[in-house]
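Biologist: I have a model open and a few things to ask about it. Can we go through it piece by piece?

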Amino acid sequence: MAKIKIGVFGAWRGNSYIDLMLAEPEIEIVAICDKNIASMEDENKEKWGDIACFTEFDEFLAYGVKAGMNCVFLANFFHQHAPFAIKAMNAGFHVLCEKPMALSSEDCDAMIAAARKSKRK
């Protein structure tokens, strides 16, 4: 079975998820994106190894396309899920986000519409 290639957005909030994913043999973390990644890279260098790290979401997604990433895991603040989820789905990625899905029903509706349009989950 091929590994699921995941990109994690929100390394500070997602650090415990990163640990769980690194321990799962069927998951490969392809990239990590966080606006404060520089402050986290040094302390996590041994654990993260050669995982590509980014501060800009668009660069993270572009790298993910080239690296064959299947899914983006959103571990950013929940009130910011919608725009990043929509952008990731429009780029061709499946999206998994922490709960709640979004702050408003309008954001949830926009995320569902993007999933349907992009044929992503």
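Biologist: How far apart are the end C-alpha atoms of helix α1 (residues 11-22)?
Modeller: The end C-alpha atoms of α1 are only 13 Å apart, although the helix has 12 residues. A straight helix would reach 16 Å at 1.5 Å a residue. The expected span is 1.5 Å times one less than the number of residues. Helices here are DSSP runs of H or I with at least four residues, strands are runs of E with at least two, and both are numbered from the N terminus.

Biologist: Where do the numbers come from?
Modeller: This is a predicted model, in which local features need pLDDT of at least 70 and side-chain atom pairs count only at pLDDT 80 or more, while totals for chains, interfaces and linings use all residues. Residues are numbered from 1 along each chain as its sequence is written, and side-chain values use heavy atoms, with hydrogens and water left out.

Biologist: Back to α1. Which of its residues are buried?
Modeller: Ala 11, Gly 14, Asn 15, Ile 18 and Met 21 are buried in α1. They sit on the same side of α1, because they cover an arc of only 150° around the axis. Buried means under 20% relative accessible area, exposed means over 50%, and partly exposed is in between, with a 1.4 Å probe and protein chains only. The arc is that of the directions from the helix axis to the C-beta atoms.

Biologist: Why would residues three or four places apart point the same way?
Modeller: An α-helix has 3.6 residues a turn, so residues at that spacing point the same way.

Biologist: And α5, what span should it have?
Modeller: Helix α5 (residues 105-118) has 14 residues, which should span 20 Å at 1.5 Å a residue. Its end C-alpha atoms are 20 Å apart, so the two agree.

Biologist: Which residues of α5 are buried, and which are exposed?
Modeller: Cys 108, Met 111, Ala 114, Ala 115 and Ser 118 are the buried residues of α5. Seen down the axis, they fall within an arc of 125°, so they line one face of α5. On the other side of α5, the exposed residues are Glu 106, Asp 109, Arg 116 and Lys 117.

Biologist: What do the buried residues of α5 pack against?
Modeller: They pack against α4 and β5 (94-97). Just after α5, Lys 119 takes a positive phi of about 60°.

Biologist: Then α4. Which of its residues are buried?
Modeller: His 81, Ala 82, Ala 85, Ala 88 and Met 89 are the buried residues of α4. Seen down the axis of α4, they fall within an arc of 135°, so they line one face of the helix. Pro 83 and Asn 90 are exposed on the other side of α4. What covers the buried residues of α4 includes α3 (57-67), β4, β5 and α5.

Biologist: What does Met 89 touch?
Modeller: Leaving out residues up to four places away in sequence, Met 89 touches Val 95, Met 111, Ala 114, Ala 115, Ser 118 and Arg 120. Contact means heavy atoms within 4.5 Å. Met 89 has a relative accessible area of 4%, so it is buried.

Biologist: Different topic. Where is Asn 76?
Modeller: Asn 76 is in the loop between β4 (71-74) and α4 (81-90). It counts as buried because its relative accessible area is 6%. Leaving aside neighbours within four places in sequence, Asn 76 is in contact with Phe 9, Gly 10, Arg 13, His 81, Phe 84 and Glu 98.

Biologist: What does Cys 97 touch?
Modeller: Cys 97 touches Leu 74, His 81 and Met 111, not counting residues up to four places away in sequence. Cys 97 is in strand β5. With a relative accessible area of 23%, Cys 97 is partly exposed.

Biologist: What about Lys 5, buried or partly exposed?
Modeller: Lys 5 is partly exposed, because its relative accessible area is 27%. Lys 5 is found in strand β1 (residues 4-9).
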